[in-house]
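Please examine the model below. The report covers confidence, helix packing and salt bridges.

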Amino acid sequence: MSSVELLQKYEQVSVKTMFKENLKKLRQENNITQKQLALSVGMSERGIQNYELGEREPSLTVLIKLADYFNISIDYLVGRTDNPKINK
């Protein structure tokens, strides 16, 4: 495996890890259940569970819905920034 491939794999794992951790943290900070979040963004509870366990990655549409729900940037949700504010 080349160094570029290793870096890409690391970045993918890192983003996936940050997403699942940030999603769970946001949900818990807002005192909502997985079921409540799922209903609010039009998903199943199991779908939210899969994201929080790192078993699935969200589509762009789901990322947008989650970011809108929490009023944060997608970059914050996936761990690309520590600033949750949306730049408008």
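## Confidence

Confidence in this predicted model is lowest in helix 1 (residues 3-29), with a mean pLDDT of 78, and highest in helix 2, at 98. Here pLDDT is the predictor's confidence in each residue, from 0 to 100, and helices are DSSP runs (H or I, at least four residues) numbered from the N terminus. The protein chain has a mean pLDDT of 88, and 83% of its residues reach 70 or more. Where pLDDT is low, the predicted coordinates should not be read in detail.

Local features need pLDDT of at least 70 and side-chain atom pairs 80 or more, whereas totals for chains, interfaces and linings use all residues. Residues are numbered from 1 along each chain as its sequence is written, and side-chain values use heavy atoms, without hydrogens and water.

## Packing of helices 2 and 3

Helix 2 (residues 34-41) and helix 3 (residues 45-53) have axes that come within 8 Å and cross at roughly 110°; these axes are lines fitted to C-alpha atoms over the stretch in contact, with angles from 0 to 180 degrees between N-to-C directions. Helix 2 is therefore roughly perpendicular to helix 3 (65 to 115 degrees).

In this contact (heavy atoms within 4.5 Å), Q34, K35, L37 and A38 of helix 2 meet E45, I48, Q49 and E52 of helix 3.

## Salt bridges

The structure holds three salt bridges, each a side-chain nitrogen of Lys or Arg within 4 Å of a carboxyl oxygen of Asp or Glu. One of them joins R27 and E52, whose closest N and O atoms are 2.6 Å apart. Because R27 lies in helix 1 and E52 in helix 3, this pair ties together parts that are 25 residues apart in sequence.

Methods:
Helix = DSSP H or I, 4+ residues; strand = E, 2+ residues; numbered from the N terminus. Parallel < 35°, antiparallel > 145°, perpendicular 65-115°, else oblique.
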